[in-house]
Amino acid sequence: MCPGTSSPSERKPSLTSAQLRERVLQVPWFSHLPATAIDAMLASSRVRVIEHHEWLFRQDETAQALYVVISGGLRLVRTAEDGRLATIRCAERGDTVGELSMLSNTPRYLYSAEALVRTDILELDLAQCWRYIDGNTKCRAQFMLQLSGELTDRLEDMVLLTQGDALSRLIGFILRQLPVSPQLPGVVHLDTPKYLLAAQLTMTPETLSRLLTRLRESGAISVERQRLIVHDDQRLREMMAVKKA
């Protein structure tokens, strides 16, 4: 279990009903549902706000809700037996949280969710969501396809996080975004806010900024707002190899 207490509050939606409906329809495995099903889910939903460092839910708690992130970001962490926290991934606007619990006969959250900034979420009834997904062939197929992609991404993340130092993890992340044989200069779009990327790579935002500056000064990359321009992928690999040695 994660330390601290979780007491997210309910508040009036900052989005209109039409905007909330659009958010739900942007979830791939809800997009095939009929309008009546979407309206029924929204009728029993609520918008909640999670303050910075508050826990939305804890690992092993009974799962009763599926969440869609409206704004802000959540860090999803798994607690090891020795009490240490391992970041699984970060969820940002449009992402869903808690869907894995729908696959169990006794739904429980497999990880804890902590707000990295003030975060708005849409809370949907978990059992109701599963009834609609399971009863719609296209939704169920899309749901399983997304879980398969999620598993692949998490396996890649496990490989990335075995890098013993922050610089190697960052370089590994950058190289992972490039094609196998990149046409340089290559572009890596940082669609994820830097504070979420830092949490995903298990480092502080300050460390991330410092390491990006180091890579820029090496000539391997340049930074243009939300883009990393990779000029020398071999130089990046050499820097990572030096850290491993």
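**Salt bridges in the predicted model**

Nine salt bridges are counted in this predicted model. Three of the pairs are described below, along with a network that includes R46 and E123.

**R21 and D39: a link between two helices**
- R21 and D39 form a salt bridge through their side chains, with an N to O distance of 3.2 Å.
- This pair joins distant parts of the chain, as R21 belongs to helix α1 (residues 17-25) and D39 to helix α2 (residues 35-43), 18 residues apart.
- R21 has a relative accessible area of 26% and is therefore partly exposed.
- D39 is also partly exposed, at 41% relative accessibility.

**R46 and E123: a link between two strands**
- The side chains of R46 and E123 make a salt bridge with an N to O distance of 2.9 Å.
- Because R46 sits in strand β2 (residues 46-50) and E123 in strand β9 (residues 119-125), the pair ties together parts that are 77 residues apart in sequence.
- R46 is partly exposed, with a relative accessible area of 32%.
- E123 has a relative accessibility of 13%, so this residue counts as buried, the cut-off being under 20%.
- R46 and E123 are also part of a salt-bridge network with R48.

**E224 and R227**
- In the salt bridge between E224 and R227, the closest N and O atoms are 2.6 Å apart.
- E224 is partly exposed, with a relative accessible area of 40%.
- R227 is likewise partly exposed, with a relative accessible area of 30%.

Technical notes: Residues are numbered from 1 along each chain as its sequence is written. This is a predicted model: local features need pLDDT of at least 70, side-chain atom pairs count only at pLDDT 80 or more; totals for chains, interfaces and linings use all residues. Side-chain values use heavy atoms; hydrogens and water are left out. A salt bridge is a side-chain nitrogen of Lys or Arg within 4 Å of a carboxyl oxygen of Asp or Glu. Helices (H or I, at least four residues) and strands (E, at least two) are DSSP runs, numbered from the N terminus. Buried means under 20% relative accessible area, exposed over 50%, partly exposed in between (1.4 Å probe, protein chains only).
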